Amino acid sequence: MDFIGDVNLPKILIICPIGFEKNIFDNLVDNLKQTYSFCIINLEYEDGKISYKGAFNNAIKIENLLSEKNITGFKILFSLSLSGMTAIKLYANNKIKFDYCILDSTPMLDLGLIKEKFITSVFLKERANSNSYANEYKDILKTALGDNVDIFLNMVDKFDEISLKYIIQDTIRFNFPKIQEIRQKKLYIRYGENDFSKKSINYIKLHYNKSNIYIKKGMTHLQEFLEHNDKYIDFIKKVINITD
């Protein structure tokens, strides 16, 4: 947990996306540090290895960390990709208060328990058999994951077995927590037009139909934030200025 800026200023909480370092937010911090202070959290590394304990557990851990610092509220909760699932849980719990929640490229599907168990079994066996097992099931996997099979395959060796189980559980059968309609209106979610996570929009509309969903033309996963950061910051400033 890193704190940047004047603690007396309104605060922005950033949860680092899995596999990235906090320096991807340097431009965002530089642009807003005169007006906001930052708390940047990275829960995904233990002993130098990527570790993921699930959105539910991560949200509780963040709440505890912030409570220890007597921090109870933020202007914005911001997260990208897989870490956005933790942000949703944190926002829904409402133990830490957030005026706005902004997510980007976060995969949140609900494909059912049977598909989750099957996909978990295949990828755990794939992990144990050095990338030789899943090819037998690619056609079946594609019915659930579409063209995202290779993306999941690329994750197999990056996580331990427990982390891989949590990743699949949260992406394939995300347990959408309830969020009051009035707070859904302060929830902003962005996807690229060619983002592998874009299928999540169907489920988000079902569970959070008052939320604000944006699709950026021609963009892939996280491309807008990483390659067009200044424009992305303009979007964040616009969100902040709705009531400021």
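Beyond its neighbours within four places in sequence, Pro10 is in contact with Thr35, Tyr36 and Ser37. These contacts belong to a predicted model, and every value below is computed from it. Pro10 itself sits in the loop that runs between strand 1 (2–4) and strand 2 (11–15).

**The largest pocket**

The space in the largest pocket amounts to about 340 Å³. Its lining is made up of 17 residues, and those that lie nearest the centre are Ile18, Leu82, Ile151, Met155 and Lys158. Which element supplies the largest share of this lining? Helix 6 (residues 149–155) does, with four residues. By class, the lining of the largest pocket holds 11 nonpolar residues, five polar residues and one charged residue.

**The cavities**

A search of the whole structure returns two cavities of 30 Å³ or more. Their volumes are set out below.

| Cavity | Volume |
|---|---|
| Largest cavity | about 80 Å³ |
| Second largest cavity | about 40 Å³ |

The residues lining the largest cavity include Pro107, Leu109, Ala144 and Leu145. Asn148, Phe152 and Thr171 also belong to that lining, as do Phe196, Ser197, Lys199 and Ser200. In terms of class, six of the residues lining the largest cavity are nonpolar, four are polar and one is charged.

Two elements, strand 8 (187–192) and helix 10 (223–227), each give two or more residues to the lining of the second largest cavity. How is the lining of the second largest cavity divided by class? It has four nonpolar, four polar and four charged residues.

How values were computed. Residues are numbered from 1 along each chain as its sequence is written. This is a predicted model: local features need pLDDT of at least 70, side-chain atom pairs count only at pLDDT 80 or more; totals for chains, interfaces and linings use all residues. Side-chain values use heavy atoms; hydrogens and water are left out. On a 1 Å grid over the protein atoms alone, a cavity is a set of points where a 1.4 Å probe fits but cannot get out, and a pocket is an open set with protein on both sides within 12 Å along at least five of seven lines; lining residues have an atom within 4 Å of a point. Grid points are joined across faces, edges and corners, and a volume is the space filled by probe spheres set on the points. Ala, Val, Leu, Ile, Met, Phe, Trp, Tyr, Cys and Pro count as nonpolar, Asp, Glu, Lys and Arg as charged, and the others, Gly among them, as polar. Contact means heavy atoms within 4.5 Å.
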